[in-house]
Amino acid sequence: MGLSEAELAERSGCTVDKVRELVRIGILVPHGDGFAARDVHRVRLMQAFDEAGIDLGVIARGIEAGKLSYENVGVLLPEPAAFTTSYEALAAEAGRSPELIRRLVRELGLPQAGAEDRLRDDDVPVLRELLTVWADADDDDLARIARAYGQNIRRLVASDLEIVGNSLFARLRQSGLSDEEMREVARDLGLRVMALGERLMVWLRGRHMEHEVISATVQGTEEYLQQLGEVEERERRPPAIAFLDLTGYTALTEERGDEAGADLADRLTTLVNQAAAAHGGRPVKWLGDGVMFHFPEPSAAVLTSLDLVEQTPAAVDVRARVGINAGRVIFRDGDYFGRTVNVASRIADYARPGEVLVSDEVKECWSGDGVRFDPIGPVALKGLRDELVLHWSRAPSARRSRSLRLRVRRPRDGRPARAGG
């Protein structure tokens, strides 16, 4: 049975008058028993055009002339669900508050286009299972897990669509196919891309889960054996946080345009991932003109950073500077927080192009040969109460570029210049 005007408006998050307007200009065509469920997507799409300032009359004329078609939107998206369960009903069933249910929906990033006091039917089973599995968790922990999935999955989906639009579909538009052939090929390609994306998410989650479970099991077992006195407690090196900043990134994008900036970001991503993985580190977040890293121990951070400042000019046309600090960090929602992170960021701000500056904590944890640490300081860093002694970290001569070997440090804060080689 089809949807009535009122049902279509409710599921689409619009008014009945809006539905009638779309019928009047020919964008919606009711059938004998009402509207199809997939017309919900069409209404939502037209509302998005409206909000973007695009005249729906122009869209209607394009559809009538066969130049525009949005039939594939309904094919590529799931059939819209009804809104029959209230927040209060699900909350009562789970023994939680309606406010928590609303908070979870927000953290998951779910658009609620229908009735404000009810949930979509296809959302309810997953929310119910989330509340059941995490029944012993408090509201904040539930919100954290919802936020972690919501933010990361949405970012992944948006990137997926952006990349496929600018590559596969862009080439398809240049293929010379007729409009009808284009729609058919685009529909099939879209379905395959979506199916692959779902498979990739499940597969990669499993592969990463393997690594994390084994790592957590080893750590937990070692701590337990230490408590029993079966093994001696090892001296643990603190983790390290590094910030890499690209000098001249803004000027480059201003000079060459946004496309050049995006291309630079892609090249930097490849370089950063390769360099960090070689020493057991990982990028935590991208900051527009730089990146924040986490390393399990400081020596790895130093080696990675020396590699990056050497390789960055050739790879991305600009120079890099890095600040590193070591110490306790707080991990939450995929990110790291605390004084260690803040100090590392300030050290990076103080560094000059081509420099790797490290804190005393990093220098004291160094294990290895061939890297020289020249003291700088005490240094007053912005936002920090006490001055810090920093160290200029330099690679052995075989690893250093000619420009780095011949550098001479310029004075800082009135201090005399010092030879850099």
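Modeller: Let's go to S359, which sits in strand β9, the stretch covering residues 356–359. Keep in mind that this is a predicted model. Is S359 buried or exposed? Its relative accessibility is 2%, and buried means under 20%, so S359 counts as buried. What does S359 touch, then, if we skip residues up to four places away in sequence? The list is I324, N325, A326, I347, V389, L390 and H391.

For another look at burial, hop over to helix α4, residues 56–64. Its buried residues are L56, G57, I59, A60 and G62, and they pack against α2 (16–24) and α3 (39–51). The N-terminal end of α4 has a cap, D55, with a side-chain oxygen 2.8 Å from the backbone nitrogen of G57. Just after α4 comes G66, with a positive phi of about 80°.

Last stop, a helix pair. The axes of α6 (residues 87–94) and α8 (residues 124–133) come within 10 Å and cross at roughly 30°. Angles under 35 degrees count as roughly parallel, so that's the label for α6 and α8. Their crossing is right-handed. Where do they meet? On the α6 side you'll find L90, E93 and A94, and on the α8 side L127, R128 and L131. Sorted by class, that contact has four nonpolar residues, two charged ones and no polar ones.

Definitions and conventions. Residues numbered from 1 in each chain as written. Predicted model: local features only at pLDDT ≥ 70, side-chain atom pairs only at ≥ 80, totals over all residues. Heavy atoms only, no water. Axes fitted to C-alpha atoms, helices over the stretch in contact; angles between N-to-C directions. Helix = DSSP H or I, 4+ residues; strand = E, 2+ residues; numbered from the N terminus. Parallel < 35°, antiparallel > 145°, perpendicular 65-115°, else oblique. Left-handed = near helix turned anticlockwise from the far one by under 90°. Contact = heavy atoms within 4.5 Å. Nonpolar A, V, L, I, M, F, W, Y, C, P; charged D, E, K, R; others polar. Buried < 20%, exposed > 50% of the residue type's maximum accessible area, 1.4 Å probe, protein only. Polar contact = N/O pair within 3.5 Å; in protein donor to acceptor, adjacent residues only side chain to side chain.
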